[in-house]
Amino acid sequence: MTEAAELPPAPEQAREVFGERFADAVRYAELLAEAGVQRGLIGPREVPRLWERHLLNCAVLSEAVPEGVTVCDVGSGAGLPGIPLALVRSDLNITLLEPLLRRTNFLTEVVELLGLDHVTVVRGRAEEVMGKLPPVHVVTARAVAPLDRLATWGIPLLRPYGEMLALKGDTAEEELKAAATALTKLGAVATSVLQVGEGVVDPLSTVVRVEVGESPGGVRFAAKRAKAARTGRARRRRG
């Protein structure tokens, strides 16, 4: 039996959530179950629960994302949550940021195949692209790292008064408490834990929201950001 054969039919909630992009969501699930497994992007055991645990769990993040903003999905991996978010929100301008070549190759193929014109794939680490990519309104992430480390990567990519939305599990509250000092140093001014996906996923998806003030990354990254901006301007002048 192939991995593709183990992919269950899409649940009824998927039709409601993805709407006119439902067929594209099905194709993405098939790609994850086939090429995603073959290339080691997801484990074979995840195939039977792709819809509930992965696609729908990520798609409902859209409930927390404002309209018409720019988004950077840090450590996008196989495209979670960035691609499900893109399928339900054509109003967003989304960057999928991922350092590994085999993953960015897969992401590029998916974006082209599904015609996601509002999505850009960028290969690199968050700390490498700061100052090279335009700051965004929202940073998203899922199961990339503990919250304090994730914030160190994600928050410096934000615009002033932006926010980081991290999909987390049952330990969200504990992680938030443990990361409180680090988040403050990074310029966070407010934090909260949200539950999204009522009527779509069970259990609900847990999202940690970290809002920043006028200095994303805090004092620690102010000099780095300024240096990166100067380097970028010098490079453009030479070009």
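Which residues are buried in helix α7 (residues 147-154)? They are L147, L150, A151 and G154. This is a predicted model, in which local features need pLDDT of at least 70, side-chain atom pairs count only at pLDDT 80 or more, and totals for chains, interfaces and linings use all residues. Residues are numbered from 1 along each chain as its sequence is written, and side-chain values use heavy atoms, with hydrogens and water left out.

**Helix α7**

- Buried means under 20% relative accessible area, exposed means over 50%, and partly exposed lies in between (1.4 Å probe, protein chains only).
- Helices (H or I, at least four residues) and strands (E, at least two) are DSSP runs, numbered from the N terminus.
- Seen down the axis of α7, the buried residues fall within an arc of 100 degrees, so they line one face of the helix. The arc is taken from the directions from the helix axis to the C-beta atoms.
- An α-helix has 3.6 residues a turn, so residues three or four places apart point the same way.
- The cover over the buried residues of α7 includes β1 (70-74), β4 (136-142), β5, α8 (172-178), α9 (180-185) and β7.

**Nonpolar cores**

- A nonpolar core is a set of buried Ala, Val, Leu, Ile, Met, Phe, Trp, Tyr and Cys residues joined through side-chain atoms within 4.5 Å.
- The largest nonpolar core has 50 residues, and F18, Y28 and F106 touch the most other members.
- Two or more residues of this core come from each of α1 (12-18), α2, α3, α4 (82-88), β2, α5 and β5.
- Helix α2 gives the most to this core, with nine residues.
- F18 is in contact (heavy atoms within 4.5 Å) with A25, W51, L55, L56, A59, P84, L87 and V88, leaving aside neighbours within four places in sequence.
- A second, separate core has 28 residues, including I155, L158, A172 and A179.
- In soluble globular proteins, nonpolar side chains tend to be buried together.

**The aromatic pair**

- Rings of Phe, Tyr and Trp (its six-membered ring) pair if their centres lie within 6.5 Å; planes under 30 degrees apart count as stacked, over 60 as edge-to-face and the rest as tilted.
- A search of the whole structure finds one aromatic pair.
- The ring centres of F18 and W51 are 6.4 Å apart and their planes are at 70 degrees, so the pair is edge-to-face.
- This pair links distant parts of the chain: F18 is in helix α1 and W51 in helix α3, 33 residues apart.
- F18 is buried at 3% relative accessible area, and W51 is buried at 1%.

**Salt bridges**

- A salt bridge is a side-chain nitrogen of Lys or Arg within 4 Å of a carboxyl oxygen of Asp or Glu. The structure holds nine.
- Side chains of opposite charge can pair when their charged atoms come close.
- E109 and R39 meet in one of these bridges, at 2.8 Å from N to O. E109 lies in helix α5 (residues 101-114) and R39 in the loop between α2 (22-38) and α3 (50-59), so the pair ties together parts that are 70 residues apart in sequence.
- E109 is partly exposed at 39%, and R39 is partly exposed at 32%.
- R209 bridges to E163, with the closest N and O atoms 2.7 Å apart. R209 is in strand β7 (residues 205-212) and E163 in strand β5 (residues 158-168), so the pair ties together parts that are 46 residues apart in sequence.
- Both R209 and E163 are buried.
- Salt bridges that share partners join E46, R49 and R53 into one network.
- Within it, E46 and R49 have their closest N and O atoms 2.7 Å apart. E46 is buried at 16%, whereas R49 is partly exposed at 35%.

**Cysteines**

- A disulfide is a pair of cysteine sulfur atoms within 2.5 Å. The structure holds zero disulfides.
- C58 is in no disulfide, and the nearest cysteine sulfur, that of C72, is 15 Å away. That is too far for a bond.
- C58 is buried at 0% relative accessible area, and C72 is buried at 3%.

**Two further residues**

- T95 lies in strand β2 (residues 93-98) and is buried at 15% relative accessibility.
- T95 touches V71, C72, D73, T120, V122 and L133, not counting residues up to four places away in sequence.
- L101 is in helix α5 and is partly exposed at 44%.
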